[in-house]
Amino acid sequence: MGNESAVHQERVHLRRERRDRSLDGPGEDPAILAGAAEAVMKSAPETAVCWLRAALSAFPPERRGDAGHISLLDVLSRALALAGRLEESRALLREITGHAFRMPDAVRTSAVVRHARIECALGNHGAARTLLGAELTRLDGTPSGPAAALVVGHGIASVLDGRDVELPRLETALRLARENGDAITEAGVLALLGLRDALAGRAETARDSLTESAMIMDRPPETEPAALAECLGVLGWGETLAGRFTEAERHLRLGLSVAGRGEFSYAEPVLLVALSHLHLQVGTVTEAGRLAAEARRLLGRTARGPIADLTRALWSQCQALTGERTSARGAGQAERAVAPSRAGALYLSVGGLAPLEAAVRLSGDPGPCLALLLDAGGGAGLPAVPASLRPLWYELLACAAADAGDPRASDWAERARNAPGAVFQDAHAVAARAHALRACGDHPAAVGLYRRAADLFRHSGFGNRQAWALLSAASCAATAGRVEETDMLIMLTQDVARQSGAAGIGRRAGELRLTTPVSSRSW
């Protein structure tokens, strides 16, 4: 029924535009109109839409539904997507893919992939995953290049939908891509394998796959820009989670440079969010906020879906770190942001974690933060948290427990030390032990561990966390009455915060300088 309604609306459109259209266009012949529309599609998609509708209205009625007619509908769907009219494009693609028996596999697969991209752009990652999965099932038993490319799209949609990427399909797709000499699909599969391993805390395995993918992506062959941008996005996400920040930024920015060159792609806001997350990790907060704001602009304030949620969460944390938004309601904001995170590891790694960390470090509300960390993590064993995040998660639990006077701070610190597989495990384990010592009142010993954690964070490239550790060291030194060391640590904190744009942390250091510490509170 939905397809019939879309077709009826399209025919009403055709009659109206044929009546109103100026006759100054490229004639009445459908082939001439279609060719002219293709020529102007990227620069003037609305004009292309007008000419394609004119071509369809001039198409012989007896040939409607044949290959030529379906081809025109396909071109119109592309023009509508480029013009930002995604719902209209989706309606046509639903009609097109309904003609499977009249279309070669490669043509149908291309239409399904574009349909899935539009669903992703509309925030419907589950629908995209279902579409691509159904097409893979239809092609089952037909080893082909299109099948391998579909696996990459299905994998990307699965990650964005919060689902695990199916390893057997990836392995088959990798074999097919190599047999067919399809370098971009090969690189995309390798990037997905690397991202999958990075989320699971298998750092060395992840790096091997990501290195192989990067070798192809650094010299990409001629291919569809949208597919290249999407694969670069997956590679950049994986490299960020694996701690390869320089390589990740290079690949994400390359993805941005190609995202708008070809057909419609949902990749641009995804790449911007990935870059914002990367800059937040390494401590360049101002740039992280700018990138998140640009992603918000592209998505629109009413956007929905995981990427929209990620964008809002990252932007909120940047606002808190730069001091542009009060953090007093941090726990409540984190609770709202974490609610969708239970859908998947990638969201929890980025969007869920960002407001949680800000709430613990900044909000001054440790009790609710402690409860929220346990709830979002699925309990004390953190079964809902990707293995790569557990040391940090346990460190945040130890910090909140110390701030709340909860005796479990030592237990969380021990769990942080024993959580395997994380890229930056040592830094978080040391910081967690410092929180536990602070909770026990051993502030002099805590100072030394906080300073060691700050050095480890610095070597790992985490500017924000280096500043947090230095500020905690300064607070403990002040409580221990070590005035000169306190002054030196405050200056270091303000310097690191200034370099990273984290004015909120710098202000906390200034407040500490003006006050006499009376408790073991971590700033």
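A residue counts as buried when its relative accessible area is under 20%. By this criterion, 56% of the 523 residues of the chain are buried in the predicted model. The secondary structure comprises 26 helices and 0 strands. Contacts between residues at least 6 apart in sequence were also examined, and 63% of them join residues at least 24 apart.

In soluble globular proteins, nonpolar side chains tend to be buried together. Here, the largest nonpolar core holds 101 residues. Within this core, Leu192 and Ile505 touch the most other members. The surroundings of Leu192 were listed without residues up to four places away in sequence.

Two packed helices are described by the angle between their axes and the distance between the axes. Helix α22 spans residues 425-439, and helix α23 spans residues 443-460. Their axes come within 8 Å and cross at roughly 160°. An angle over 145 degrees counts as roughly antiparallel, so α22 and α23 are roughly antiparallel to each other. The crossing of the two helices is left-handed. On the α22 side, the contacting residues are Asp426, Ala427, His428, Val430, Ala431, Arg433, Ala434, His435, Leu437 and Arg438. They meet His443, Ala445, Ala446, Leu449, Tyr450, Arg452, Ala453, Leu456 and Phe457 in α23.

Arginine 108 is located in helix α6, which covers residues 105-121. Its relative accessible area is 12%. The cut-off for burial is 20%, so arginine 108 is buried. The side chain of arginine 108 makes a polar contact with the side chain of glutamate 135. The distance of this contact is 2.8 Å.

Glycine 463 belongs to helix α24, residues 463-479. Its relative accessibility is 11%. This value is under the 20% limit, and glycine 463 therefore counts as buried. Glycine 463 and threonine 284 are separated by 179 residues in sequence. In space, their C-alpha atoms are 7.5 Å apart. Leaving aside residues up to four places away in sequence, glycine 463 touches Gln281, Val282, Gly283 and Val496.

How values were computed
Residues are numbered from 1 along each chain as its sequence is written. This is a predicted model: local features need pLDDT of at least 70, side-chain atom pairs count only at pLDDT 80 or more; totals for chains, interfaces and linings use all residues. Side-chain values use heavy atoms; hydrogens and water are left out. A nonpolar core is a set of buried Ala, Val, Leu, Ile, Met, Phe, Trp, Tyr and Cys residues joined through side-chain atoms within 4.5 Å. Buried means under 20% relative accessible area, exposed over 50%, partly exposed in between (1.4 Å probe, protein chains only). Contact means heavy atoms within 4.5 Å. Helices (H or I, at least four residues) and strands (E, at least two) are DSSP runs, numbered from the N terminus. A polar contact is a pair of N or O atoms within 3.5 Å; within protein, one must be able to donate a hydrogen and the other to accept it, and residues adjacent in sequence count only if both atoms are side-chain atoms. Axes are lines fitted to C-alpha atoms, for helices over the stretch in contact, and angles run from 0 to 180 degrees between N-to-C directions. Angles under 35 degrees count as roughly parallel, over 145 as roughly antiparallel, 65 to 115 as roughly perpendicular and the rest as oblique. A crossing is left-handed if the near helix is turned anticlockwise from the far one by less than a right angle, and right-handed if clockwise.
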